[in-house]
Amino acid sequence: MSGMVAAVSSNGEYSFTKPNRDSITLLAGLGVEGDVHAGVTVKHRSRVAQDPTQPNLRQVHLIQEELFAEVGAEGFKVEPGALGENITTSGIDLLGLPVGTLLRIGDEAVVEVTGLRNPCLQIDNFQQGLLKQVVGRDEAGNVVRKAGIMSIVRQGGVVRPGDTIRAELPSGPHRPLERV
């Protein structure tokens with residue numbers, strides 16, 4: 001399974017959106033160099049309030065560009081970086097990957113998938129009604145989260161738009177993604 005990097009984004013300050021960059025540098029065990037969410041322990045404000053010593057399983061946020069077209073069909077305008085992701089992807093089914101999948105990005109970087117992004121009310125502050133587009137229910141009534149996946153950096157490297165992404169599935173039984 002493979003895809004490509006459509007855009008990269010980072011921000012050194014807390015804000016919902018992140019500006020697009022020409023490149024970002026992933027740092028092993030930390031996240032995106034200079035990004036407010038980089039670190040060994042949690043950096044998301046709600047997580048820090050609960051327990052600031054928790055490991056940071058949300059070092060790098062990836063979101064599928066295909067979601068933008070999906071919500072666009074419902075009248076929402078979303079562009080890369082707008083939902084706070086670091087890497088916008090194209091052509092790879094991020095939401096279908098199991099926990100522990102390694103994503104080899106470009107020539108050097110490797111991230112390990114830890115789980116689903118749990119969308120919050122800030123999405124409705126960005127565009128009213130968008131939260132219902134990225135969190136819903138399937139036919140069986142199960143919650144479906146579409147706002148991308150979270151990962152940790154296993155091997156650092158520079159990531160640029162146009163880089164390839166290659167997925168390596170974990171061995172053994174696959175665990176479906178849950179919110180982290």
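The side chains of Lys-77 and Glu-79 form a salt bridge, with an N to O distance of 2.7 Å; the term denotes a side-chain nitrogen of Lys or Arg within 4 Å of a carboxyl oxygen of Asp or Glu. By this rule, the count comes to five salt bridges. The model is predicted, so local features need pLDDT of at least 70 and side-chain atom pairs count only at pLDDT 80 or more, whereas totals for chains, interfaces and linings use all residues. Residues are numbered from 1 along each chain as its sequence is written, and side-chain values use heavy atoms, with hydrogens and water left out.

**Accessibility of the Lys-77 and Glu-79 pair**

- Lys-77 is exposed, at 58% relative accessible area, and Glu-79 is partly exposed, at 42%.
- Buried means under 20% relative accessible area, exposed means over 50%, and partly exposed lies in between (1.4 Å probe, protein chains only).

**The Asp-35 and Lys-18 pair**

- A salt bridge joins the side chains of Asp-35 and Lys-18, at 2.8 Å from N to O.
- This pair links distant parts of the chain, 17 residues apart: Asp-35 is in the loop between strand 4 (31-32) and helix 1 (45-50), and Lys-18 is in the loop between strand 1 (2-9) and strand 2 (20-21).
- Helices (H or I, at least four residues) and strands (E, at least two) are DSSP runs, numbered from the N terminus.
- Asp-35 is buried, with a relative accessible area of 5%, and Lys-18 is buried at 5%.

**The Arg-154 and Glu-112 pair**

- The side chains of Arg-154 and Glu-112 meet in a salt bridge of 2.6 Å, N to O.
- Because Arg-154 lies in strand 11 (residues 149-155) and Glu-112 in strand 8 (residues 109-116), the pair ties together parts that are 42 residues apart in sequence.
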